[in-house]
Amino acid sequence: MHLLELCNAFALRPGLPTASSVAGSTTLAQASGLLQEVLDHLTTKFDLSELVEDASFSTVAADLQGLLSDIAPLGFERMKPDTFFNRALRLEVPGALTGREWQAQKALAATGPISWFRIRNKALYMEPQPAAGQLCVFEYYSNFAVLDAADQRKQYPSADTDTFLLPDKLLLAGMRWR
């Protein structure tokens, strides 16, 4: 369903007025706001297969590998556990390290082919520093559950014609519960 269809379906059940546009209707605008709350809840609390994406990047010879918004541009919410691999070395990249574990790694000045990772301040760090140019890949859960008319992903609907990656029944049930 499109945003307009979903909001009208929500309005019909309790007998609220429907409309020809979400923007022109107070009722449907409120329904759209509820839908945003539902999307926030579903994308942050549940591991939904519809929202799994791959992130890949080439390593740099530094601790800081980059911002997650650059490495995982489709709305990085959280990393899927046990999916981070250095494909160049054919090794798993273990982590995510806690602050204590990270500081211990730094203090020990660890060396070797295996790097550990930590996510801090919306950035990805690896220790020991990997060699530059190694392909690393991990899976992550996206909070971009909306498609616009051009099939571009985004976090929230903004047009009547926006569609959703999640099942309509799930979204309607969440709206009704709220």
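**The largest nonpolar core**

Mentor: The largest nonpolar core has 24 residues, and those touching the most other members are L6, L35, L39, F164, L166, L171 and M175. At least two residues of this core come from each of α1 (3-12), α2 (26-45) and α5 (168-177). A nonpolar core here is a set of buried Ala, Val, Leu, Ile, Met, Phe, Trp, Tyr and Cys residues joined through side-chain atoms within 4.5 Å; buried means under 20% relative accessible area, exposed over 50%, partly exposed in between (1.4 Å probe, protein chains only). The model is predicted: local features need pLDDT of at least 70 and side-chain atom pairs pLDDT 80 or more, while totals for chains, interfaces and linings use all residues. Numbering runs from 1 along each chain as its sequence is written, and side-chain values use heavy atoms, without hydrogens and water.

Leaving aside residues up to four places away in sequence, L35 touches L3, L6, P157, F164, L171 and M175 (contact: heavy atoms within 4.5 Å). A second core of 15 residues is separate and includes F57, L68, M79 and F84.

In α5, L171, L172, G174 and M175 are buried. They line one face of the helix, because they fall within an arc of 160 degrees seen down its axis (directions from the axis to the C-beta atoms). These buried residues pack against α1, α2 and β11. On the face turned away from them, α5 carries the exposed K169 and W177.

Strand β11 belongs to an open, antiparallel sheet of three strands, ordered β10-β9-β11. β10 (153-154) and β11 (163-164) are its edges; each has a single partner strand, so one side of each lacks a neighbour in the sheet. β11 pairs with β9 (residues 146-147) over two bridges, and T163 in β11 stands opposite L147. Strands count as paired if DSSP finds at least two bridges between them; helices (H or I, at least four residues) and strands (E, at least two) are DSSP runs, numbered from the N terminus.
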